[in-house]
Amino acid sequence: MKSVTVITHPLVQHNLTRLRDKRTRPQEFRRVLSEIAALMLYEATRSFAVRRASVQTPLAPARGFTLSREVVLVPVLRAGLGMLDSILQLLPGARVGFIGLKREETTLRAQFYHKSLPKDLQRFEVILIDPMLATGGSAVAAMDLLAELGARRVRLVNLVAAPEGIKHVRQHYPALPIFTAAIDRKLNGRGYIMPGLGDAGDRLFGV
Ligand code: PRP
Ligand code: URA
């Protein structure tokens, strides 16, 4: 599927399977989600622009690279929080914006309840983080907000995607790169990804 990268690395798939397992309790779920997020970040940032830089080692000058642009990480609350810390450890200079979205249970429409982001996102690499892409309503709402703030380079990192969600995002943002560990079968009648891993927020926080 265009612009969708399924990360098939064995460690990612091993950890995804632990997250899917209904016996995995919140304490372990949090740890494994954090680990998998770090592994996925390598793939998601592979195409980041770099510029040449020279440094002095204790012995001699050395040529190297630095990232060309600053990064803004944007976890979608709540479940995106479970992927934030380990990503932030790998990108310690990144800024962090937050988007609070809650899917209404019957209509499945995503409603904003929190927004805190830099005012102008034009010069940043933005990584939108949410473990679940189900109907795609939350991702499109988050992308609309990022676009309003001028974001030009966004990539979406999620763990499990439904074909319906990918299609919906594609219709609105055809060029958005999506990185996921799995494209599952379909949504069920209540908008849950099948087989998925259940409600990611509930499994992370036990509520
Ligand atoms: C979940 C998930 C996504 C959204 C995906 O969040 O973390 O944000 O659903 O569904 P969609 O693609 O159909 O919009 P939820 O709204 O349940 O909030 P939570 O993270 O606080 O549990
Ligand atoms: N949100 C989740 O947390 N899980 C799903 O399967 C769908 C939406």
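**Close-up 1. Backbone contacts to ligand 2.** In this predicted model, a nitrogen atom of ligand 2 lies 2.8 Å from a polar backbone atom of Gly198. Ala200 also takes part: one of its polar backbone atoms is 2.8 Å from an oxygen atom of ligand 2. Ile193 contributes a backbone N or O atom, 2.8 Å from an oxygen atom of the ligand. On its own, ligand 2 exposes 240 Å², and the protein buries 89% of that area.

**Close-up 2. The shell around ligand 2.** The residues around the ligand are Arg103, Met132, Ala134, Gly191, Tyr192, Ile193, Gly198, Asp199 and Ala200. By class, this shell has 5 nonpolar, 2 polar and 2 charged residues. Arg103 and Asp199 are among the residues around ligand 2, and both count as charged. Gly191 and Gly198 also belong to the shell; glycine counts as polar here. The space that ligand 2 takes is the largest pocket.

Close-up 3. Strand S6 covers residues 98–103 and strand S7 covers residues 110–116. The two strands pair in the antiparallel sense, over 6 bridges. The strands form a hairpin with 6 residues between them. In the turn, Leu108 has a positive phi of about 65°.

Definitions and conventions:
Residues are numbered from 1 along each chain as its sequence is written. Chains are lettered from A and ligands numbered from 1 in the order in which they are written. This is a predicted model: local features need pLDDT of at least 70, side-chain atom pairs count only at pLDDT 80 or more; totals for chains, interfaces and linings use all residues. Side-chain values use heavy atoms; hydrogens and water are left out. A residue is near a molecule or strand if one of its heavy atoms lies within 4 Å of it. A polar contact is a pair of N or O atoms within 3.5 Å; within protein, one must be able to donate a hydrogen and the other to accept it, and residues adjacent in sequence count only if both atoms are side-chain atoms. Accessible areas come from the Shrake-Rupley method with a 1.4 Å probe; for residues, only the protein chains shown count as cover. On a 1 Å grid over the protein atoms alone, a cavity is a set of points where a 1.4 Å probe fits but cannot get out, and a pocket is an open set with protein on both sides within 12 Å along at least five of seven lines; lining residues have an atom within 4 Å of a point. A molecule sits in a cavity or pocket if more than half of its atoms lie within 2 Å of its grid points. Two strands pair if DSSP finds at least two bridges between them. Helices (H or I, at least four residues) and strands (E, at least two) are DSSP runs, numbered from the N terminus.
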